[in-house]
Amino acid sequence: WKYGRRSYYMNDKTGIATIITNSGMLPASTAQGMGLNVDNPGISSLPTPPDEFMSDFDKGKFPQAILDYMQRDWMSFCNSLPPDMRGGKSGMENMDPDVYAGCISRIHNSFCWHHAHWMLEESELLVRVREWNEALKSFCNDNNLTGEIRRDVLERHKASPFAPCGHRSCQEKEKKVKGFRNCSRCKRIAYCSKECQRADW
């Protein structure tokens, strides 16, 4: 779900603008949830020229259509994400869509935060953790959240640099940043031990 190369063109005869996502930036299922026509995976058609839509992406912001989709149908949005961002390890299912969308809208060069951040380099991970937690505090301040409600929102949505073990049943978490080793085959997931890795495969 990281921004990559993208382009779009408009058919002069029909006025239909087509967004081409070369990196899976906008999965077809997400596009459908946003009310877009999907010709084939990775390509989504908008009924009007997507100047505002693309302008948001170019500014590092999530378009409002995606934020609205998150808030309208949170579980469908979660299920539309890449495999490494789904499931209990990501922690997203326990988050509130209004808080999540609120955090994203407050981040420049915004991104979808989740706890299963095995693929991120340490330097990028630490920046994302700081940016997400600053946005979360800003959301709480702007919505005048105090006391127990504020503590609950912060606890449920805060970003941590310590990733969980990739094994479905293991509850271990890293005690130091990037303390678990990524799978040498797929490089997309990390485990606390060789035993967990073997059991997961």
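How are helix 3 and helix 5 oriented to each other? In this predicted model, in which residues are numbered from 1 along each chain as its sequence is written, local features need pLDDT of at least 70, side-chain atom pairs count only at pLDDT 80 or more, and totals for chains, interfaces and linings use all residues. Side-chain values use heavy atoms, with hydrogens and water left out. Helices are DSSP runs (H or I, at least four residues), numbered from the N terminus.

Two packed helices are described by the angle between their axes and the distance between the axes. The axes are lines fitted to C-alpha atoms over the stretch in contact, and angles run from 0 to 180 degrees between N-to-C directions. For helix 3 (residues 64–72) and helix 5 (residues 97–105), the axes come within 8 Å and cross at roughly 160°. Helix 3 and helix 5 are therefore roughly antiparallel to each other, a term for angles over 145 degrees. Their crossing is right-handed, that is, the near helix is turned clockwise from the far one by less than a right angle. In contact (heavy atoms within 4.5 Å) are Leu67, Met70 and Gln71 of helix 3 and Pro97, Asp98, Tyr100, Ala101, Ile104 and Ser105 of helix 5. These residues divide into six nonpolar, two polar and one charged.

Helix 5 is mostly covered, as seven of its nine residues are buried, meaning under 20% relative accessible area with a 1.4 Å probe, protein chains only. The buried residues are Pro97, Val99, Tyr100, Ala101, Gly102, Cys103 and Ile104. Their cover includes helix 3, helix 4 (74–79), helix 6 (122–142) and helix 7 (147–157).

Of these covering elements, helix 6 and helix 7 also pack against each other, at an angle of about 155° and with axes 11 Å apart. This pair is therefore roughly antiparallel, and the crossing of helix 6 and helix 7 is right-handed. On the helix 6 side, Trp132, Leu136, Lys137, Cys140 and Asn141 meet Arg150, Val153, Leu154 and His157 of helix 7. The contact comprises five nonpolar, two polar and two charged residues.

With a disulfide taken as a pair of cysteine sulfur atoms within 2.5 Å, the count is zero. Cys103 in helix 5 is buried, with a relative accessible area of 0%. The sulfur of Cys103 is 7.5 Å from the closest cysteine sulfur, in Cys140, which is too far for a bond. Cys183 is also buried, at 3% relative accessibility. Its closest cysteine sulfur, in Cys186, is 3.9 Å away, again too far for a bond.

Notes:
Helices (H or I, at least four residues) and strands (E, at least two) are DSSP runs, numbered from the N terminus. Angles under 35 degrees count as roughly parallel, over 145 as roughly antiparallel, 65 to 115 as roughly perpendicular and the rest as oblique. Ala, Val, Leu, Ile, Met, Phe, Trp, Tyr, Cys and Pro count as nonpolar, Asp, Glu, Lys and Arg as charged, and the others, Gly among them, as polar. Buried means under 20% relative accessible area, exposed over 50%, partly exposed in between (1.4 Å probe, protein chains only).
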